[in-house]
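Good morning, and thank you for the time on today's agenda.

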Amino acid sequence: MVPCSDNLEFSATQIPIPQGFCLASPCTRFPPHEGYPMRILFLVVLVLALSLQPVRAGSPESFETEEYWASEALDIINASQAYALGYTGLGQTVGVLDSPVRVTHPELAGKADTIDVAADWTSIRHGSHVTGIIAARRDGIGMHGVAFDADIWAGPLLDNPNGLDLEDYFASHPEVRIFNNSWGSTDFIDMLHANEDGSEITPGDYYEELLPGDPDAFFITNYANEHPETVFVFASGNEGHTYPNFPSATPRYMGQGDLANWINVGAINANNNCVIRNENGSLELNAASIPFFTNLAKGSELYMVMAPGSNIYSLNAADNGYMPDSGTSMAAPVVSGALALVAQAYPWMTGKQLADSVLTTANRDFSAPEYTVLYDITSRDPEKGHPGTVTLVIIAENRDAVEDIERDGATIDGTVIPTNTNSLDEDGIAAIRKLVEKHIALDNKAWLDLGDSALAAVDAAAQTESGEEEGEGEAAEGDEEAEGSEEEEEEETLVIEVLTKEEVFGQGILDVGKAVRGPALLDANRMTEENVMEVEELEDELEGKNTFAIETFDTQGYVAEFSNDIDQRPWDNEYHHEEYQTTGENEELTADADALCPEIDDEGKREALDVGLRKTGAGMLILSGTNDYAGATIVDGGVLAIARRADDTGGELTVSDVVVCENGTLAGDGEIKQTVINNGTVAPGFRDNTLTVGTYKQGSDGTLLVTYDNTQEHSVLEVKNKVDIKGNLAFAPARGQFYGNNFSVELKDFLHVPAGSENANVQFTKFLAEDASPTLETVLVAEPDMDAMTAEVVLTRPANAYARYAANSGSADLGRNLPGIASVATGDMQALLTALDWSARDGHEVGRALDTLGAEAYDASARASLAQQAEFNLLILRRMLGNESARRALAARGATEDRPNAENWQFWATPYGSGAWQGSHGGVSSWKSSGIGLIVGADRYFESGLSIGAHVALAAKRTHVTGNHDAQADTQSAFVGLQGMFAPDTWDGFWLTAQGRLGIESGEMDREVSFNGYTRNNESRWSGFAGSALLGGGKDWSWKLGDGHLDAGPLAWMEYSFLHRPDIEEQSGQASRLNVDETVYQSLLLSLGAHTGLNTTFANGTTLGLDLLAAWRHETLDATFRTGASFREYGDYDFATATDLPGRDSMLLQSSVRFTHPSNFFVQMDLGGEFFRTDYTAVNVGLQLGWDF
């Protein structure tokens, strides 16, 4: 295998350097659906589509930077048009099977992955150059790739001494769907003349003998065949032949329908004005626009496309810089990058359909040159006098023109040139030499210093011709062998071929700006017998001609648009190997041809099937072009819309009949000129209201759905020819609009039928009022008047429209107020209610939204603030217990002169941190908080056993409310407090303690309200006050343990905390802004437990104290927080959020370690938490520093 670029052995020279819009996007996706009500629900996608405009990332011109122009590959393929629609390859990964890729190159770092192989980057540069053309990042430096936001999965297939395990390569990244292959056979394989008699290689010989001879090509071919979701891109080769090399030509011998996920790529030269745009924007190509090295499309016309491949500027692995290179190796990655853009636009497409979008949209309207020159240097051997072979390619518009030229010769630059080299005279060869000279002069650098050699090949042909003339009279009758040798020599140096434009360019020049707008042709030649479908519903309509070649598009829940005009190409034997043609002798190989071009009478006459389209799966497909394909259009799932483009063009089915199946919905504001047979749902309307059809037939299971909007406009079905209707007539409001309470609409002329009773049979059997809304209900006032085509519908909003979906009492209270608010709603409140009204039909989004809209986040923040007060209480309590334990230890040792209660002072400081996690429960959202703080204080100890002191506490806390909310509250607080303890010796271990504090809290909250596309950010700030008080006591027993002292005993305390917050007014957020009422939050905790303390003194006088505390904690007050609120502009409709505490009981576990220096300086470390409360956990850690004196 060799790379298909021009840096081959023959030269070491390096060259210097949706018309319409698309709704498809990876995130626009909808769930599958079943049954009539769900089809109505799914139809709401229509209104969403009505409001969407092209997804533009900027104008095309905004992408045409120096970096864009540098590569020489992007302009001619209209890449900027694709970028302007938002397609850059984002989310796509392209496989590159090539030489090792330097993934650390700045243009690839972080976006390319590979299998590591040791490589000498000074010589192994091909793979990196190819990869850069696909996906080099757009960073303002050097150049950028076609799909600059795509990623790369590189497989070192070439220049890899260990070889590449292709099975592992493909398996390790199964998500990769596009694979670039810029390599081919070492030697050109003449498959079109492979046999001794000059005939073409057979499919059997190709697959059984030739292909297995290259294990990598064999494996890739089978992988492509077994994985239809993939698409493989191959370079056609650089041998200068009129047909591709091995293995790029594989589909011709495997069956083009069986290997339709394969693209062959030839090169064009867009440098030095070889390709220009005229004043109309069309491309004009001169002879040098086709580089001498590229293999052309003969035999692979339907799966080949041309792309820039000459002097392409891309990555240089040698120095992490850039370099130019040429070859079909450079053209193939241009197409692979384009496929990444198409895959981003249509992530649901099969590999064949991705390839179809590229192939059928290729530019075919360019002005082609009259001729071009190819130069095959594979036989070039200057030492042996072989100059190689020049092929003069005369380009004809079509097959008929080829016959004319082959008969009469070609007139080029005023000279008639015979197409048979045996008919050339001296003047003819001179004329050809001038054409070659002209080709070289148009872009001399593109010839890589091989121009003289090419001219030498022409001269050699002239010498051969001269030699024939001199010896013509002397030739003996038996010199046939010598004559044949001379003819063979002449053929080796100069060949003349007449090719159609299609045999040269394949499907044309890549146009990715068009490819991202969907296919432009339905091609039966790229299908198999599995695509043949008999449409029973059309048997009578088409008098038995109801069998078609059908391309099926499964949108898999996405919304997508095909804005190109779509035509058809029925089966044509000329595009296929003779053994795959209808005249072939092997029935297995002719099965596709026989099915796609069947016999239509007993005499063997055949007629190719028309080609049609089938829409399946959830999602919507919009056809907005002028579509001339003649096969049936089948709607078998989701929504198919025949709709005009944004500029009011297109939106037509000119020839195709449409069948709507049970699970399908047809919509649109375009025109279907033929027949629509409806056994599913037809819902007229898109941007405009009217869908026009030729003939309309509706079965007993079919439904005509008329939609209306809040301006009382409604959709219309206009029938021009004939109407025959049974089944259902349904009315539904347009989704995504606000409807007031008791909205009433009178619908008139919703069905336009042709005049004359013989053309109109309207016999609806059921009338339905559908809403597809979780909150709105529709009522059909009376049976519609089908003579006048009128109906009246009333839409209501019940009192429990929202509250019935609430997860808790607080959300239900808010929900009960919304119908009243709807009666006076304006502006953004209408938008808020609309998002609720048109959320998921089962109402689960309404329930979540009610939680989001309420004041629950303020409750969560309040709980976190009260928990902070409890943390203060516990830290100070633990400090006092530690001091008392240390006092007893000193007393037991008799060291009264150093006892803390001997009329001394203690100063201390405690920095601390804490965290709490509350899980969701009972419809209440989860929250988590984290805080830091500092408590400093002083205590005075008296001999009586009394200690009293004061402290200052500073704290900051962040609370993040999650679940149905996305809110963050940040609070800062400052407190001043008193603490004391009384434990006289005469009490024999009994003690009492008390503490209290009062302070202020300042807070701010960022609260996001987001549901069903409605997103607002609300901000608030407040200042309130808070406080806490604790009263407790206990009994300790003491034991002396060697040099230590142990205390243990029960304890109990009651602590009260409160938080007062004033009225809070949220800012920004529009209609979702709240006025939160002044509220006092309270907590009264009872704790019962025990603690134990161990103190021991070391020889150096340092004392170690250990203390453990465990207690049961119980919340004694009502655990429900109630916060009143109202929407700021709707204060008359107030509601209260009620959030419960999931459990009132928990377990406190605390521990501390204390070191006291002989100088009476001490350090105490505290660690603890609150556990075993339902869905709640809290931890705290503190470090206490102090000094007794």
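**Salt bridges, cores and a surface patch**

In this predicted model, the count of salt bridges comes to 40. As background, side chains of opposite charge can pair when their charged atoms come close.

Let us take a first example. The side chains of D75 and R277 form a salt bridge, at 3.8 Å from N to O. D75 sits in the loop between α4 and α5, while R277 belongs to strand β9, so this pair ties together parts that lie 202 residues apart in sequence.

A second example is R879 with D939, whose side chains meet at 2.5 Å, N to O. Here R879 lies in helix α23 and D939 in strand β45, so the bridge links parts 60 residues apart in sequence. Both R879 and D939 are buried. Salt bridges may also share partners: K352, D356, R526 and E551 are joined in this way into one network.

How many of the nine residues of α12 are buried? Nine of the nine are, so the helix is largely enclosed by the rest of the structure.

The largest nonpolar core has 203 residues, and I263, V335 and F750 have the most contacts inside it. Helix α11, residues 328-345, gives the most to this core, with 12 residues. Apart from it lies another core, of 72 residues, including A955 and F1011.

F1155, F1161, M1165, L1183, L1185 and W1187 make a nonpolar patch of about 520 Å². Strands β60 and β61 each give two or more residues to the patch, and β61 has the largest share, with three. F1161, in strand β60, is partly exposed, with a relative accessible area of 39%.

Finally, a word on confidence. The chain averages a pLDDT of 89, and 92% of the residues score at least 70. Over residues 6-55, however, pLDDT is below 50, and residues 895-901 also stay under 50. Where pLDDT is low, the predicted coordinates should not be read in detail.

Notes:
Residues are numbered from 1 along each chain as its sequence is written. This is a predicted model: local features need pLDDT of at least 70, side-chain atom pairs count only at pLDDT 80 or more; totals for chains, interfaces and linings use all residues. Side-chain values use heavy atoms; hydrogens and water are left out. A nonpolar core is a set of buried Ala, Val, Leu, Ile, Met, Phe, Trp, Tyr and Cys residues joined through side-chain atoms within 4.5 Å. Buried means under 20% relative accessible area, exposed over 50%, partly exposed in between (1.4 Å probe, protein chains only). Helices (H or I, at least four residues) and strands (E, at least two) are DSSP runs, numbered from the N terminus. pLDDT is the predictor's confidence in each residue, from 0 to 100. Contact means heavy atoms within 4.5 Å. Patches are made of residues with over 30% relative accessible area and no salt bridge: like charges are joined within 9 Å, nonpolar side chains (Val, Leu, Ile, Met, Phe, Trp, Tyr) within 5 Å. Accessible areas come from the Shrake-Rupley method with a 1.4 Å probe; for residues, only the protein chains shown count as cover. A salt bridge is a side-chain nitrogen of Lys or Arg within 4 Å of a carboxyl oxygen of Asp or Glu.
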